[in-house]
Amino acid sequence: MRFKNNKILWWVGSVLALLAINAIASLFHYRADLTQENRYSITSSTKTLLKGVDEELEVLVFLKGEFPAGFRKLSNATAEFLSVLKDNNPSKIKYRFIAPEQEASPGKLWADSLQSLGAFPINLTVQVASGQQNKYVYPFALINYGGRTSLVNLYGGSTSLISNSEVNNAESMLEYQFVKSIDKLLHPSRPFVAYATGHGEPVGAETYDLVQTIKQDYEFFSVDISKQPVIPDTMKVLVIVKPTAAFTEAEKLKIDQYVVRGGKVLWAIDNLRAELDSLSYKDQIIAYDRNLNITDLLFNYGVRINADLLMDLQCDFLPFKVGGNGAQDEFIHWNYYPLFASEGNHAINKNLGLVLGRFVNSIDTVEVENVTKTVLLQSSQNARTISTPALISPNEVRNTPQDALFKRSSVPVAVLLQGKFSSLYRGRISKAQRDTLNRAGGYKEENSVENKMIVIGDGDILLNDFSFKNNQPLPMGVNLYTVGSQYEYQFANRNFLLNCLEYLTVNANITEARNKEVILRLLDTQKADAQKTTWQLITIALPILLVIIFGAVYQQVRKRKYTR
């Protein structure tokens, strides 16, 4: 009887202990991330940001439904990531998945609401029981917080050709995309970005996409440097794109003092005058130096834009007449339109697609104390540079390309500079200049804290073409001469611009999330086929065999124990 009571007490104690453990587990949640790349963790800066969420933050994800494997994987990864976010502030953060075909309000679908926000779907052809059908996928999420809404793009690809690497990149960028949007909702003030004018910078239709892209996230203004006594400190970033007239010393001093006071500058400079339009009525053109008079200023910061042109075998296409009298257009690689592949060595170019350049100048870095340089864009392994005066002719592509000349590799064309910049005019500023600056806050010799700027050896990289056929500007990164052909493609120029501005304006801790990388581990298909039977035996037959052996041994032990 005593043995029986002890056994009952043991079972009761076990049940109570189990209930206590479950109660404690419901109060204290712990997740251990054992992945090498911290796939199921978030950065410390993201955790700090989530602590500032003091109202309900609702995330609506539009990846619910039957999708191909790539988007199913992205949907699952998004759900896993959002569960991590919720764990860090469970009372305030909520999320749910919605099919775009559902009604957002009576008579209006979520798909219509998304398109009104600029979220357009990807048209996929999927296999169903009855055959094939077109399906529109909206890889987007909406974040609602404090009466404001922010759109999150979960997939950076723009075509229906979904590769494993593209989906993997989308997974890597989940934290950054969500954190960037949450930060904007928590801090709704928009940084001021100024577009410099007064030196022949483009201000027409070719800047349409540039202006519209900046206006999405920033307060946009134009500043005529030649007329302003100083560049206002309220401008977070000064964008200088393709000036064609020389800067005076007084104007350079304004930029110099703007920088040492902490202002950021995005330079996109064409040192040589070379325009493709000129080839439409000339057999050849000569690219020559614009003499912008900013070489010493940039040299002081740590770079030199060379008076040369970069040619690269990795380049976009242009149509050329071939075939003699019966000439017809044929698309041929145009080495003066190089394509820059991302090295992924910085938050700015992480997971960035190809960037299209046009008549690009190479950049040399210069040793400057307290300033570090990071190359953001560079040529392929098969490039060359030609010095000024450079002769450009369509006949170059009609002949057999001299590939042996393309021996240079990784030629820098865009560089990030970070550190404490000193004034170019240290020790040589006149009394009149000093008096003028004193009225505007005083002359400074160097940065008191670290600053940063980006220098690009191409002005066209941030501009767009204009289609006279359709009477409208094209998106940035689209080559006018390939529109309507099989080579039409929108390159990542717009994303590159946005990434540059984000890095120059956003808290550096936010951009830390962009460096997250999810490693793509693919199976060796040949090895998998060769070892298929072995692994089937290990994963299917072996567990069954172990259960049988364990059952047989257990029965033998019980038989010996109770037959005494």
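**Ground rules.** I am working with a predicted model, where local features need pLDDT of at least 70, side-chain atom pairs count only at pLDDT 80 or more, and totals for chains, interfaces and linings use all residues. Residues are numbered from 1 along each chain as its sequence is written, and side-chain values use heavy atoms, with hydrogens and water left out.

**The sheet.** I looked up the strand order first. Helices (H or I, at least four residues) and strands (E, at least two) are DSSP runs numbered from the N terminus. I found seven strands in an open sheet with mixed pairing, in the order β10-β9-β11-β12-β25-β24-β21; two strands pair if DSSP finds at least two bridges between them. At the edges sit β10 (219–224) and β21, each of which pairs on one side only. From one strand to the next, the twist averages 20 degrees.

I then checked β12 and β25, which run parallel and are joined by four bridges. A268 stands opposite I456 in β25.

**Helices on the sheet.** I noted that α7 lies across β9, β10 and β11, at about 130 degrees to β10. Helix α8 (residues 249–260) also packs on the sheet, where it touches β11, β12 and β25 and makes about 130 degrees with the direction of β12. Axes here are lines fitted to C-alpha atoms, for helices over the stretch in contact, with angles from 0 to 180 degrees between N-to-C directions. Contact means heavy atoms within 4.5 Å.

**The cores.** Which residues touch the most other members of the largest nonpolar core? I got L266, I454 and F496, in a core of 38 residues. Such a core is a set of buried Ala, Val, Leu, Ile, Met, Phe, Trp, Tyr and Cys residues joined through side-chain atoms within 4.5 Å. Among the elements giving two or more residues are β12 (264–268), β25 (451–456) and α12 (493–505). With six residues, α12 gives the most.

A second, separate core of 36 residues includes A194, V223, Y301 and L437.

**I93.** Is I93 buried or exposed? I93 is buried because its relative accessible area is 3%, where buried means under 20%, exposed over 50% and partly exposed in between (1.4 Å probe, protein chains only). I93 belongs to strand β2 (residues 93–97). Beyond its neighbours within four places in sequence, I93 is in contact with L50, L57, L85 and K86. I also looked up L82, which is 11 residues from I93 in sequence and 8.9 Å away in space, C-alpha to C-alpha.
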